[in-house]
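Welcome! Please take a moment to look at the sequence and the 3D view before reading on.

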Amino acid sequence: MEERRCHFWLPKKKRFCANNHLHDSLFCGNHNPRSNGQWITCPVDPSQKLPFQEKHVMQQASILGNLEEIGVLKNAIGREQCDSEEAYEDEKNGVPAVVEFGAGRGYLTQMLADCYGIKRVFLVERKSYKLKADRSLRQKESLILERLRIDIEDLNLNAVESLRGAPYLAIGKHLCGPATDLTLRCCLTEHSSPDSVEHCSGGNQNLRGLAIATCCHHLCQWKHYINKNYLSHLGITKEEFHAITWFTSWAVDADHSSDLPEVTDVKLHLESIENKECGGDAGGVEDIVRNMKAVERAVLGFMCKQIIDMGRLMWVKECGLETQLVKYVPSSISPENHLLIARHTNHY
């Protein structure tokens, strides 16, 4: 077993890295020698270099940077590694635990723990994954890690004994469709039936903040959507909601090699197309769709995404949190590029 281990020596721990080495190298993926083009500057600590892992590093760094900007996270760079006593002091000073929903392999939480000194981690994921970040996280002597293998719909955070009474931060990088709504419900309502999701109860008072990268809006479901009252006030019916979710797929179908125009830049153009093609007659919608350019279809798809996400934002605000919906990466990195962030103002 030892011969499969990475040959990178960790001087502070006085041992070799515990990860398995790559098939074609003596080192693991984190320590395998790379050319300068395969390393990027750490967005949290510019003095450090990180291995480039496609788009995911930029997405993770931006999510954490946005949380830092709104004051939920405090940069831990420059601090010495905390022992268990110092970790206890951190918790008394309000450093939260982290609950990552739809955690997958847990690499977002790993970056969070590495850069911000988080000491308590809960990874919520219904599937089982190989090559998880768990091994690296468990090597941190002062970090407590717990995996909750459960569907978010069935999760009651108040029943997680090791989290009970502890301040925490909720994050999620890939919460497809209704998983975003289920996560908001899990954090901000009493555990009850889906019929009550529209009524915010103020939720778990231990929640300090959240960051959810919304995605896969075409999978959203009426029965799980968190703010049906918002849709009703807009005059949007269940059937029209399903149509909106279908249109959202256009946002990711276009060529995103360069950033798309802002929605406001194309909105008037779409209206002019509607007036020209059908003279305001709704019967001409099919003709409009048939004659739309790819970029116009993409912008319409983003507008439909914003309708869905704006309802979520308004619902979180009704729960008493300071809330924003931000574009956290360019569409050239990912067309799924909006982040719902919020914090409890009475805790900061």
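Predicted model: local features only at pLDDT ≥ 70, side-chain atom pairs only at ≥ 80, totals over all residues.

The protein chain has 11 helices and 11 strands, and buried residues make up 48% of its 348 residues.

**The chain as a whole**

- The accessible surface of the protein chain comes to about 18300 Å², and carbon and sulfur atoms account for 50% of that surface.
- Take the contacts between residues at least 6 apart in sequence: 65% of them join residues at least 24 apart.

- Strand β11 covers residues 338-343, and six of its six residues are buried, so the strand is largely enclosed by the rest of the structure.
- Which residues sit on each face of β11? His 338, Leu 340 and Ala 342 are on one side, Leu 339, Ile 341 and Arg 343 are on the other, and all are buried.
- Strand β9 (residues 207-215) pairs with β11 in the antiparallel sense, over six bridges. To find this pairing in the view, look for Ala 213, whose bridge partner in β11 is Leu 339.
- Strand β10 (residues 322-327) also pairs with β11 in the antiparallel sense over six bridges. Here you can look for Leu 325, which has Leu 340 as its bridge partner in β11.

**A closer look at Ala 342**

- Ala 342 lies in strand β11. Its relative accessible area is 1%, and a residue counts as buried under 20%, so Ala 342 is buried.
- Which residues does Ala 342 touch, leaving aside its neighbours within four places in sequence? The contacts are Ile 70, Val 72, Gly 209, Leu 210, Val 316, Leu 321, Glu 322 and Thr 323.
- Ala 342 and Lys 317 are 25 residues apart along the chain, and their C-alpha atoms are separated by 8.4 Å.

**Two helices to find**

- Helix α5 (residues 178-188) is mostly covered, with 11 of its 11 residues buried. Among them are Asp 181 and Arg 185, as well as Leu 182, Leu 184 and Leu 188.
- What covers the buried residues of α5? The cover includes the strands β5 (97-101), β8 (168-176), β9 and β11, together with helix α11.
- Gln 110 is found in helix α3 (residues 107-116). Is Gln 110 buried or exposed? With a relative accessible area of 10%, Gln 110 is buried.
- Beyond its neighbours within four places in sequence, Gln 110 is in contact with Ala 133, Ser 136 and Leu 137.

**The cavity**

- The structure holds one cavity of 30 Å³ or more, and about 60 Å³ of space lies in the largest cavity.
- Which residues line the largest cavity? They are Thr 214, His 217, Phe 302, Lys 305, Gln 306, Asp 309, Leu 325, Pro 335, Glu 336, Asn 337 and His 338.
- By type, this lining divides into three nonpolar, five polar and three charged residues.
- Helix α11 (residues 294-318) gives the most to the lining, with four residues.

Technical notes: Residues numbered from 1 in each chain as written. Heavy atoms only, no water. 1 Å grid on protein atoms, 1.4 Å probe; cavity = no way out; pocket = protein on both sides within 12 Å on 5 of 7 lines; lining within 4 Å. Points joined across faces, edges and corners; volume = space filled by probe spheres on them. Nonpolar A, V, L, I, M, F, W, Y, C, P; charged D, E, K, R; others polar. Buried < 20%, exposed > 50% of the residue type's maximum accessible area, 1.4 Å probe, protein only. Pairing = 2+ DSSP bridges. Contact = heavy atoms within 4.5 Å. Areas by Shrake-Rupley, 256 points an atom, 1.4 Å probe, with all protein chains shown as cover.
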